[in-house]
Amino acid sequence: MSPEIKLEDAFQARIDDEQKIEPKDWMPEKYRKTHIRQISQHAHSEIVGMLPEGNWITRAPSLKRKLGLLAKVQDEAGHGLYLYSAAETLGISRDELFDQLHTGKAKYSSIFNYPTLSWADIGAIGWLVDGAAIINQVMLTRTSYGPYARAMVRICKEESFHQRQGYEIMLTLCQGMPEQKAMAQDALNRFWWPSLMMFGPRDSDSPNTEQSVKWKIKRKTNDELRQQFVDITVPQAEYLGITIPDPDLKWNEDRGHYDFGEIDWEEFWQVVKGNGPCNKERLKARVDAWEEGAWVREAAVAYSTKIKNNEVKRTA
């Protein structure tokens with residue numbers, strides 16, 4: 001047996017024994033690259049995800065709503081920073097991570113390529129998008145890579161608050177005037193299917209799922225997580241008194257789950273490939289922010305250099 005095979009067997013034994021893999025531990029190169037891809041995609045999603053919500057900060061209907069949305073967007077920025085730091089422990093620089101995003105090499109969640117057309121969309125994002133994220137991310141608190149798992153503990157706590165915040169916005173609208181409830185229904189109509197797409201392609205079309213489950217990078221498959229989301233969300237929509245836009249949705253007594261219609265996979269792949277409603281707009285916003293913030297990064301590096309060279313007196 002070759003030394004490489006022995007290392008891989010010992011590595012898998014640690015995974016099977018529920019031990020966490022740490023940055024200085026030996027790991028297969030594919031494991032490292034898979035985690036870089038997954039963590040960076042997650043980090044990019046948090047950062048890009050600020051854009052459709054930040055669009056509504058100045059137009060929030062009250063000071064309370066403005067403060068709540070500001071806090072949420074700030075949380076998402078923090079999540080991105082945690083995750084970029086976790087990715088860096090795998091031997092990739094943050095500059096390289098940003099370059100992959102800006103050049104389109106790295107992906108982010110397809111959901112953030114849809115526009116926010118009304119205030120109700122902010123509620124729908126909190127309820128549906130963050131709700132879907134929680135289902136996926138709670139699983140990641142037990143992922144096999146230590147830095148990622150630990151980052152997810154705090155992120156999940158904050159995402160749970162975001163989901164409740166979004167649902168409360170939807171509940172307020174549904175208990176308001178008919179026009180407000182209609183706004184909530186319209187937001188659900190537009191965000192329901194993209195939310196289901198958040199869990200990724202069907203298991204049969206996901207080449208990385210089997211290996212990711214074996215390495216316990218993921219604890220459940222895309223389709224299992226999608227089903228869990230539907231089962232949790234349908235009763236919430238019924239309580240709100242709005243209708244999920246799926247004529248095939250019905251409870252299956254034999255399975256103990258809801259049956260639901262087929263996702264438009266052509267739309268999903270078009271968005272993933274960069275042809276969604278807001279793909280170009282989102283990417284341009286991130287590239288512009290990076291370029292316009294160059295002077296801030298340069299000033300921070302210059303100041304840090306002076307501190308290291310004792311050219312600047314430190315202040316308490």
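Guide: A residue is called buried when its relative accessible area is under 20%, exposed when that area is over 50%, and partly exposed in between, with a 1.4 Å probe and protein chains only. The model is a predicted one, in which local features need pLDDT of at least 70 and side-chain atom pairs count only at pLDDT 80 or more, whereas totals for chains, interfaces and linings use all residues. Residues are numbered from 1 along each chain as its sequence is written, and side-chain values use heavy atoms, with hydrogens and water left out.

Pro115 lies in the loop between helix H5 (94-102) and H6; helices are DSSP runs of H or I with at least four residues, strands are runs of E with at least two, and both are numbered from the N terminus. With 28% relative accessibility, Pro115 is partly exposed. Contact means heavy atoms within 4.5 Å. Apart from neighbours within four places in sequence, Pro115 contacts Asp121, Arg190, Phe191, Pro277, Cys278 and Arg282. Of these, Arg282 is 167 residues from Pro115 along the chain, and their C-alpha atoms are separated by 10.0 Å.

An axis is a line fitted to C-alpha atoms, for helices over the stretch in contact, and angles run from 0 to 180 degrees between N-to-C directions. An angle under 35 degrees counts as roughly parallel, over 145 as roughly antiparallel, 65 to 115 as roughly perpendicular, and the rest as oblique. A crossing is left-handed if the near helix is turned anticlockwise from the far one by less than a right angle, and right-handed if clockwise. As for residue classes, Ala, Val, Leu, Ile, Met, Phe, Trp, Tyr, Cys and Pro count as nonpolar, Asp, Glu, Lys and Arg as charged, and the others, Gly among them, as polar.

Helix H6 (residues 119-140) and helix H7 (residues 146-174) have axes that come within 7 Å and cross at roughly 150 degrees. H6 is therefore roughly antiparallel to H7. The crossing of H6 past H7 is left-handed. In this contact there are 17 nonpolar, eight polar and two charged residues.

Another partner is helix H10 (residues 222-240), which packs with H6 at an angle of about 145 degrees, the axes being 10 Å apart. Here H6 passes H10 in a right-handed crossing. H6 contributes Trp127, Leu128, Gly131, Ala132, Ile135, Asn136 and Met139, while H10 contributes Leu225, Gln228, Phe229, Ile232, Thr233, Gln236, Ala237 and Leu240. Ten of the residues in this contact are nonpolar, five are polar and none is charged.

The axes of H7 and helix H8 (residues 178-197) come within 7 Å and cross at roughly 140 degrees. H7 and H8 are therefore oblique to each other. On the H7 side, Met170, Leu173 and Cys174 meet Gln180, Lys181 and Ala184 of H8. This contact comprises four nonpolar residues, one polar and one charged. Cys174 is buried at 10% relative accessibility, and Cys156 is buried at 9%. A disulfide is a pair of cysteine sulfur atoms within 2.5 Å, and the structure holds zero of them.

Lys216 is found between helix H9 (209-214) and H10, and is buried with a relative accessible area of 16%. Most residues other than glycine have a negative phi. Lys216, however, has a positive phi near 60 degrees. Glu18, which touches both Lys216 and Arg219, also has a positive phi, of about 65 degrees.
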